[in-house]
Amino acid sequence: MNVFKKIIGAAAFALAAGSASADVVYDWMGTCTDLCTGNATAVLTLADTYTPGTALADVDFVNFSFSSSNGSYTIPGDDVFDEFWTGSMLPAFFGAAYTFIDYPGGGTYFQQEANGNWDTWIGNTKLASGLEGSWTLRTPAVPLPASLPLLLAGVAGMGALSRRRKG
């Protein structure tokens, strides 16, 4: 009987571990045309409570990191963060859409127009600008660790049943 309690406990732990949610992450890439070369990239991280396809709000913001050949910055998710808005709900952030992310404490912001043109500033200095900026939703990883304990619990249970039948 104790073996079955252990198996049930292990399975419950595995299910609880697998149910942890992860942040919602979007990757961005744009072609540099002014003050940078090649492609610029960015990562927008939103809270795990954000549902893709719904309107974005300040409470959804975790952080935003931008990088180009001319420099990089990160806008942190703290109480100073003030503005985060878009011209649409950006159902999955695919393609171009109007996006504005601002960190007024440092005067840093990122802006992309609906046609894909984008620019970014640090204070009063333009860091980079370009064309063809687009967002893609990063597919979350499947929580593999939760499946392994369930598999082991099943194997242990079958072993316990086998021993019980033999004894």
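**View 1. Order of elements in the predicted protein chain.** From the N terminus, the elements follow the order α-β-β-β-β-β-β-β-β-β-α, which amounts to 2 helices and 9 strands. Helices (H or I, at least four residues) and strands (E, at least two) are DSSP runs, numbered from the N terminus. The model is predicted: local features need pLDDT of at least 70, side-chain atom pairs count only at pLDDT 80 or more, and totals for chains, interfaces and linings use all residues. Residues are numbered from 1 along each chain as its sequence is written, and side-chain values use heavy atoms, with hydrogens and water left out.

**View 2. The largest nonpolar core.** This core holds 23 residues. A nonpolar core is a set of buried (under 20% relative accessible area, 1.4 Å probe, protein chains only) Ala, Val, Leu, Ile, Met, Phe, Trp, Tyr and Cys residues joined through side-chain atoms within 4.5 Å. Residues with the most contacts inside the core include W28, F66 and W118. Among the elements giving two or more residues to the core are strand 1 (24-34), strand 3 (61-68) and strand 9 (125-137).

**View 3. Surroundings of F66.** Not counting residues up to four places away in sequence, F66 touches W28, F110, W118 and L127, among others. Contact means heavy atoms within 4.5 Å.

View 4. pLDDT, the predictor's confidence in each residue from 0 to 100, has a mean of 74 over the protein chain. pLDDT stays under 50 over residues 11-19, with 7 contacts beyond four places in sequence, and over residues 87-94, with 23 such contacts. Where pLDDT is low, the predicted coordinates should not be read in detail.

Technical notes: Buried < 20%, exposed > 50% of the residue type's maximum accessible area, 1.4 Å probe, protein only.
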